[in-house]
Amino acid sequence: MIIVSICDLRYLCLSLFKIVGPDSTIAELTDFICAAQMAKASDALMGELEEKPKQFFNDYPNHKKRRMLDYGKKQRFEKKLLNGDDEQIRLPIPMIGYGVPTEPGCITHRTLPEAAIGPPYFYYENVALTPKGVWDTISRFLYDVEPEFVDSKYFCAAARKRGYVHNLPIENRYPLLPLPPHNINEALPLTKKWWPSWDPRTKLNCLQTCVASAKLTERIRKALEDYDGTPPLSVQKYVLEECRKWNLVWVGRNKLAPLEPDEVEMLLGFPRNHTRGGGISRTDRYKSLGNSFQVDTVAYHLSVLKEMFPGGINVLSLFSGIGGAEVALHRLGVPLKNVVSVEISEVNRNIVRSWWEQTNQKGRLIDLADVQQLDADRVEHMFNSFGGFDLVIGGSPCNNLAGSNRHSRDGLEGKHSSLFYDFFRILNMVKDLTTRH
DNA sequence: GAAAGGATGATCGATCAT
DNA sequence: ATGATCGATCATCCTTTC
């Protein structure tokens with residue numbers, strides 16, 4: 001039974017911004033929404049309590065204050081309230097979304113919810129493997145569009161499991177050419193010579209923000225060189241574990257190494273030296289790259305824009321990072337008229353700016369620092385001076401969702417990941433402005 | 001100071017064993 | 001069916017080294 005519709009939720013959200021103003025925190029916002037849902041749903045809950053009271057109390061302990069860390073229970077709660085008829089969002093096997101160029105089984109038709117249909121087009125990205133219920137919430141806010149889960153291992157030699165919520169057409173997509181190498185030994189041909197037969201990997205795992213230290217690879221080398229030829233199974237197991245955990249590749253006899261920043265750029269579909277701005281350390285390059293789009297994957301989804309906008313597009317790019325969206329559109333040959341790029345990191349803004357200059361862009365790049373400072377007035381002003389935005393694109397922070405985070409995997413309400421609600425807020429403003437014109 | 005190294009589990013699903 | 005096991009994962013904080 002659907003108790004609170006997505007429209008109600010959006011109106012609640014928007015009215016809260018009007019009531020308490022843009023300075024209110026996300027925690028206040030979500031508390032408000034939860035309280036409103038509670039009130040609206042109380043009648044139906046009484047019915048449900050009669051049916052299976054025990055399960056209810058197991059699932060939803062009786063506390064007034066919402067705690068950050070019990071997102072799982074809260075999300076189940078919300079799901080039951082809002083989406084009781086639907087199954088929880090599941091990841092597809094294989095993880096190819098509506099289809100990828102290299103695999104059979106392409107879906108060419110879907111029906112979008114009425115409220116989701118553009119203009120503007122929007123494209124939202126985040127990690128696929130989140131705590132439970134996160135994608136249900138994201139999908140509900142983004143007009144009930146079902147996420148498209150795609151693993152970039154179908155586009156390049158490294159895995160990258162991501163969910164994409166967008167309202168783009170899915171017919172007649174095409175990949176960037178030339179197709180990038182799909183296996184490790186094609187992408188990194190020099191490793192082939194040293195690759196032992198007992199290492200069965202053909203794809204790398206997800207490229208992350210940290211890489212293994214030289215000390216670690218030295219320890220592995222020492223462990224291997226005790227044996228002439230094939231090491232015993234126990235050593236093989238240890239080495240392969242470290243290889244998979246740290247994405248190590250073979251660069252010499254018994255010698256493993258982490259990927260170079262150049263190689264990560266190539267695997268992610270960026271031009272060589274894309275992140276080699278002035279004064280950026282190796283560590284910072286890995287960090288910026290690890291937080292980025294896989295360009296070929298995103299470009300495949302965006303390729304439908306090429307025919308629709310032969311004269312170019314205006315883009316609002318939120319959480320731009322090192323400009324994965326901009327690079328993807330450029331490589332597709334979609335002219336960039338006006339690009340508003342919002343990115344908190346100055347280093348990343350410099351990277352995008354110098355890419356913009358190096359590629360001789362004819363359009364205009366406006367870079368801003370903070371999505372939270374992007375209020376209705378500024379959006380409306382830019383909207384009017386450009387004649388609207390054709391695409392709102394971005395991937396909001398994943399650090400409170402990602403599995404690698406031991407310290408603060410707090411879910412969508414976490415300090416950084418809650419900026420998702422700013423993506424929704426800004427997209428919704430653009431949507432309103434577009435329909436008004 | 002800046003860069004690199006090292007220690008730090010948990011979640012969730014898929015697969016396997018019972 | 002049900003529980004055990006396995007494997008992947010856009011990270012953060014503090015210490016050490018340069």
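## Leu329 and the nonpolar cores

In this predicted model, Leu329 touches Leu302, Leu305, Ile313, Val315, Val334, Leu336 and Leu391, not counting residues up to four places away in sequence; contact means heavy atoms within 4.5 Å. A second, separate core of 41 residues includes Val127, Val165, Tyr421 and Met429. A nonpolar core is here a set of buried Ala, Val, Leu, Ile, Met, Phe, Trp, Tyr and Cys residues joined through side-chain atoms within 4.5 Å. Buried denotes under 20% relative accessible area, exposed over 50%, and partly exposed in between, with a 1.4 Å probe and protein chains only.

The largest nonpolar core has 67 residues, and those touching the most other members are Val239, Leu302, Leu329 and Leu391. Domain 2 (114-147 + 290-436) and domain 3 (184-268) both contribute residues to this core, so it lies between them. The domain bounds come from an automatic or database domain assignment.

## Basis of the values

Residues are numbered from 1 along each chain as its sequence is written, while chains are lettered from A and ligands numbered from 1 in the order in which they are written. Because the model is predicted, local features need pLDDT of at least 70 and side-chain atom pairs count only at pLDDT 80 or more, whereas totals for chains, interfaces and linings use all residues; side-chain values use heavy atoms, with hydrogens and water left out.

## The seven-stranded sheet

An open sheet is formed by seven strands in the order S2-S3-S1-S9-S6-S7-S8, with mixed pairing. Strand S2 (148-151) and strand S8 (364-368) are the edge strands, each pairing on one side only. From one strand to the next, the twist averages 20°. Helices (H or I, at least four residues) and strands (E, at least two) are DSSP runs, numbered from the N terminus; two strands pair if DSSP finds at least two bridges between them.

Strand S1 (residues 121-127) and strand S3 (residues 161-166) run antiparallel and are joined by five bridges. In this pairing, Val127 stands opposite Arg162 in S3. Helix H13 (residues 324-332) packs on the sheet, where it touches strand S6 (313-318), strand S7 (336-342) and strand S9 (391-395), and its direction makes about 165° with that of S7. Helix H14 (residues 346-358) also packs on the sheet, in contact with S7 and S8, and its direction makes about 175° with that of S8. For these angles, axes are lines fitted to C-alpha atoms, for helices over the stretch in contact, and angles run from 0 to 180 degrees between N-to-C directions.

## Strand S9 within the sheet

Five of the five residues of S9 are buried, so this strand is largely enclosed by the rest of the structure. Both of its faces are covered: Leu391, Ile393 and Gly395 are buried on one side, and Val392 and Gly394 on the other.

S1 and S9 run parallel and are joined by five bridges, with Glu125 opposite Gly395 in S9. S6 and S9 also pair in the parallel sense, over four bridges, and Ser317 stands opposite Ile393 in S9.

## Salt bridges

A salt bridge is counted when a side-chain nitrogen of Lys or Arg lies within 4 Å of a carboxyl oxygen of Asp or Glu; by this rule the count comes to 16. Lys237 forms one with Glu241, the closest N and O atoms being 3.5 Å apart. Both residues lie in helix H8 (residues 233-246), four residues apart, about one turn of the helix. Lys237 is exposed, with a relative accessible area of 56%, whereas Glu241 is partly exposed at 46%.

The side chains of Arg353 and Asp367 also meet in a salt bridge (3.4 Å, N to O). This pair links distant parts of the chain, with Arg353 in helix H14 and Asp367 in strand S8, 14 residues apart. Arg353 is partly exposed, with a relative accessible area of 28%, and Asp367 is partly exposed with a relative accessible area of 28%. Salt bridges that share partners join Glu218, Arg221, Lys222, Glu225 and Lys255 into one network.

## The surroundings of Ala257

Ala257 belongs to strand S5 (residues 255-257) and is buried, with a relative accessible area of 17%. Its contacts, not counting residues up to four places away in sequence, are Thr217, Asn247, Leu248, Val249 and Val251. Ala257 and Glu218 are 39 residues apart in sequence and 9.1 Å apart in space, C-alpha to C-alpha.
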